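Let's take a walk through this structure together, one part at a time. Keep the model open beside you as you read.

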Amino acid sequence: MQTSEWTACIPVRDEERTLARTVTSIRNQTASQNLVSILIGANGCRDNTVRIARDLSKQDSRIQVIESPIPGKARMWNTLFNQASTKNVLFTDGDIVLHENAAENLVKAINTSKDAMIGGSTVSYVNDLPLFQRFLGSAYANHNGSHNLWLTGQLYILDSLRVRAKLLDKGIPEMPEKVLHEDNWLTHALHPDWSVIPEARAFCRPYGLHEINKLRRRYIIADTQVESELYPRIMKKWNPIPKEKDSLLVRFQRALRTRTHSYEQFLAYCIAFSITNISKSFNESSARRKFATTPNYWETSKYSKQPLPEGLEFTKLN
């Protein structure tokens, strides 16, 4: 198995407007000569995404379309990950445009490190948007080579051999199907064997004002899910060390220090902090109420009957 070969996986749902652009950016990678296949996983699509994906597969024999009528990104993530034939497996979303050398830098990084997962840097394409949405886009994405401190599901690469070994070592055969945010789950399940590099860039659509509250609520639900259901399944020594939440002043000061684009971005941070803090109490209470009625993904799946490795002691963090 050649270490330079890689597979691109794209789980998609209703991405008819952007999928072709994403696939084109993958085909145009500087590392495309080592690209073995592009797996497009359509889960529960209600628009023309599947038709567009099939049309794309006629243009390039490396493109394979995997269709499921049932929505669920985690389920599709497992399908794509297991079907990839290469050691290096790159995941991206169906509304992302990869910089031409993103895959090359990710493959090089995963092959020269001991990490199981390496993420890229997302950059918001904001120039052709209205002014206020550019503010919001700047707040939720980085600019000019600055990179994320946390892995994002928009672009990352996995060493499939290391990932399988590390998950099985913790008694986890694969990602549970009810996981809301696969990237959040992976960062905890594989901790501390992951990193983020600024050299691998991807361009994403900035969020609109109408989406921020919904996104914030979903993030809280996903965090609660991981804290309540993943932590009991992994050894305490492998858990991320709990950190105290930064105050608004600390976050504001960090934004001032790390401003990399313009005063527009700095103002965007101020707007984003204000919105998220004002809606924090409402989002947390409503999100946790919803989560309280959601079935536990371990107890409602085949993984609850999976025997744990001998000698492992599982603990829940308070």
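A residue is called buried here when its relative accessible area is under 20%. With that cut-off in hand, turn to helix H4, which spans residues 102–111. This helix is mostly covered, with 7 of its 10 residues buried. They are Ala102, Ala103, Asn105, Leu106, Val107, Ala109 and Ile110.

Before going further, a word on confidence, since this is a predicted model. The average pLDDT of the protein is 77, and 64% of the residues reach at least 70. Among the elements, E4 has the highest mean pLDDT, at 98, while helix H5 (residues 131–139) has the lowest, at 53. Where pLDDT is low, the predicted coordinates should not be read in detail.

Now let's look at the aromatic rings. The structure holds 3 aromatic pairs. One of them joins Trp77 and Phe91 in a stacked arrangement, with 5.2 Å from centre to centre and 15° between the planes. Trp77 belongs to helix H3 (residues 73–83) and Phe91 to strand E4 (residues 88–92), so this pair links distant parts of the chain, 14 residues apart. Why do both partners count as buried? Trp77 has a relative accessible area of 2% and Phe91 one of 1%, and the cut-off for buried is under 20%.

Phe91 has another ring partner, Tyr156. Their centres lie 5.6 Å apart and their planes meet at 15°, so this pair is stacked too. Because Phe91 sits in strand E4 and Tyr156 in strand E7 (residues 155–159), the pair ties together parts that are 65 residues apart in sequence. Taken together, ring pairs link Trp77, Phe81, Phe91 and Tyr156 into a cluster.

The two strands that carry Phe91 and Tyr156 are also paired with each other: E4 and E7 run in the antiparallel sense over 5 bridges. Within this pairing, Leu90 has Ile157 of E7 as its bridge partner. In a regular strand the side chains alternate between the two faces of the sheet. In E7, Leu155, Ile157 and Asp159 point one way, whereas Tyr156 and Leu158 point the other way. Since 5 of the 5 residues of E7 are buried, the strand is largely enclosed by the rest of the structure.

Helix H1 (residues 19–27) is worth a visit next. Its buried residues are Leu19, Thr22, Val23, Ser25 and Ile26. These residues cover an arc of only 160° around the axis, so they lie on the same side of H1. What covers them includes strand E1 (6–12), strand E2 (35–43), helix H2 (49–59), strand E3 (63–68), E4 and strand E5 (97–98).

Finally, consider the cysteines. How many disulfides does a search of the whole structure find? The search finds 0. Cys9 is buried, with a relative accessible area of 0%, whereas Cys45 counts as partly exposed because its relative accessibility is 21%.

How values were computed: Residues numbered from 1 in each chain as written. Predicted model: local features only at pLDDT ≥ 70, side-chain atom pairs only at ≥ 80, totals over all residues. Heavy atoms only, no water. Phe/Tyr/Trp six-rings, centres within 6.5 Å; stacked < 30°, edge-to-face > 60°. Helix = DSSP H or I, 4+ residues; strand = E, 2+ residues; numbered from the N terminus. Buried < 20%, exposed > 50% of the residue type's maximum accessible area, 1.4 Å probe, protein only. Disulfide = S-S within 2.5 Å. pLDDT = per-residue confidence, 0-100. Arc of directions from axis to C-beta. Contact = heavy atoms within 4.5 Å. Pairing = 2+ DSSP bridges.
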